[in-house]
Amino acid sequence: MNKKKLTWQLPFLILLIIGTIIILKKQPPFRTNEGLVFGTVYKITYQSDKDLHQEIKEALKEVDNSLSPYNPNSIITRINHNEDTILNTHFIDVFTLSQKISVETEGAFDITVAPLVNAWGFGFKHAINMNESKIDSLKQFIGYTKIKMEGNKILKDDERIMLDCSSIAKGYGVDVVGKLLKSKGIKNYMVDIGGEVVLSGKNSKMKKWRIGINKPVDDSLSTNQELQTILETSDVGMATSGNYRKFYYKDGKKYAHTIDPRLGYPIQHNILSATVIAKDCTTADAYATAFMVMGLDKAMAFCETHPDLNAYFICNGEGEEYAIHYTPGMKRFIVKK
């Protein structure tokens with residue numbers, strides 16, 4: 001009886017297998033586009049019959065023309081030069097979210113930090129020799145409460161106020177590309193700009209995307225790719241902020257590139273890197289920077305009251321060991337410790 005059943009079922013099984021193979025072969029291929037933007041590299045993988053690289057480059061150029069302080073014709077450059085300019089959607093979106101996060105983090109995140117970032121040698125102008133007096137003078141022009149948006153224009157309390165969106169622009173660029181792909185009906189993609197990523201659907205193996213978090217080794221040339229852990233997730237934005245690649249030594253002291261806008265000095269916390277998972281990459285990018293400024297205890301406490309955020313912190317430990325801390329919700333993403 002079992003043999004008879006098998007005889008009847010075998011043809012249907014064969015047809016099912018053949019049908020599955022045909023369906024899989026008809027699926028659009030996964031493509032990868034790579035290039036340079038915002039002073040870093042991007043890698044975009046997506047499932048599509050059409051190569052969209054040209055449209056992707058045009059979308060990224062629009063973001064650069066809005067938010068790059070290195071672009072002499074960008075909106076943010078014209079604002080920093082106090083030139084009359086009309087804001088576009090990209091700038092308005094980033095400015096609005098930046099102000100919101102500044103309020104929530106009590107100024108730990110602040111895009112008016114540009115004069116301090118420049119003075120310390122991590123921005124778009126030449127560094128100066130810093131001392132307490134110079135820091136105090138620069139702090140007069142720092143503060144998210146000293147700028148506001150009225151209509152399509154930015155109003156400053158002082159013309160010397162300058163903006164720097166580098167702590168949120170990459171994440172925003174990632175989301176812009178993600179929205180472009182989504183508008184084309186593409187469900188499976190990963191957009192990576194300088195380590196800030198957005199993930200949607202599944203990878204080429206039809207599984208969730210896997211993303212590594214690098215060990216925070218002093219590596220100004222970004223040659224070290226040793227992983228601390230691997231995360232598996234999808235339909236989220238993720239960003240990492242760290243002080244192990246942008247720094248310099250002066251008089252035997254190491255200065256990290258993350259500046260506390262409230263104090264005027266590079267941060268001295270024990271956090272080496274902060275990785276944040278959020279609903280989008282723009283949000284993750286901004287909070288990753290804010291958490292570096294806030295320090296471990298305040299950042300963890302902040303996440304407790306904001307369950308939509310998950311964070312993974314790599315901190316200085318004893319000897320050569322790292323101390324790892326992460327929010328309870330992050331545990332479900334970790335596949336390799």
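User: Ground rules first: helices (H or I, at least four residues) and strands (E, at least two) are DSSP runs, numbered from the N terminus. How many helices and strands are there in the protein?

Analyst: The protein has nine helices and 15 strands. This is a predicted model, where local features need pLDDT of at least 70 and side-chain atom pairs count only at pLDDT 80 or more, while totals for chains, interfaces and linings use all residues. Residues are numbered from 1 along each chain as its sequence is written, and side-chain values use heavy atoms, with hydrogens and water left out.

User: What share of the protein is buried?

Analyst: Of the 337 residues, 49% are buried. Buried means under 20% relative accessible area, exposed means over 50%, and partly exposed is in between (1.4 Å probe, protein chains only).

User: OK, Glu106. Where is Glu106 found?

Analyst: In the loop between α4 and α5 (114-119). Glu106 counts as exposed because its relative accessibility is 63%. Its phi is positive, about 55°, although Glu106 is not a glycine.

User: Which residue does Arg31 stand opposite?

Analyst: Tyr46, in β2.

User: Switching to β13. Is β13 mostly covered or open?

Analyst: Mostly covered. Six of the seven residues in β13 (residues 310-316) are buried. β13 pairs with β12 (residues 271-278) in the antiparallel sense over six bridges, and Val276 stands opposite Ala311 there. β13 also pairs with β14 (residues 322-326), antiparallel, over five bridges. In that pairing Ile314 stands opposite Ile324.

User: What else does β12 pair with?

Analyst: β9, antiparallel, over six bridges. Gly237 has Ala278 in β12 as its bridge partner. β9 (residues 236-242) also has six of its seven residues buried. β9 pairs with β6 as well, in the antiparallel sense over three bridges. There, Val198 stands opposite Gly237.

User: New topic. What is the volume of the second largest pocket?

Analyst: About 390 Å³. Among its 19 lining residues, the closest to the centre are Asp175, Lys179, Val198, Lys279 and Asp280. α4 (89-104), α7 (169-183) and β6 (196-200) each give two or more residues to the lining. α7 has the largest share, five residues.

User: What makes it a pocket?

Analyst: On a 1 Å grid over the protein atoms alone, a pocket is an open set of points with protein on both sides within 12 Å along at least five of seven lines, whereas a cavity is a set where a 1.4 Å probe fits but cannot get out. Lining residues have an atom within 4 Å of a point. Grid points are joined across faces, edges and corners, and the volume is the space filled by probe spheres set on the points.

User: Last one, Lys146. Where is Lys146 found?

Analyst: In the loop between α6 (132-138) and β3 (147-150). Lys146 counts as partly exposed, at 23% relative accessibility. A polar atom of its side chain lies 3.1 Å from the backbone oxygen of Ile142. A polar contact is a pair of N or O atoms within 3.5 Å; within protein, one must be able to donate a hydrogen and the other to accept it, and residues adjacent in sequence count only if both atoms are side-chain atoms.

User: Is Ile142 buried or exposed?

Analyst: Buried, because its relative accessible area is 8%. Ile142 is found in the loop between α6 and β3. Not counting residues up to four places away in sequence, Ile142 touches Asp110, Thr112, Val113, Pro115, Leu116 and Pro261. Contact means heavy atoms within 4.5 Å.

Notes
Pairing = 2+ DSSP bridges.
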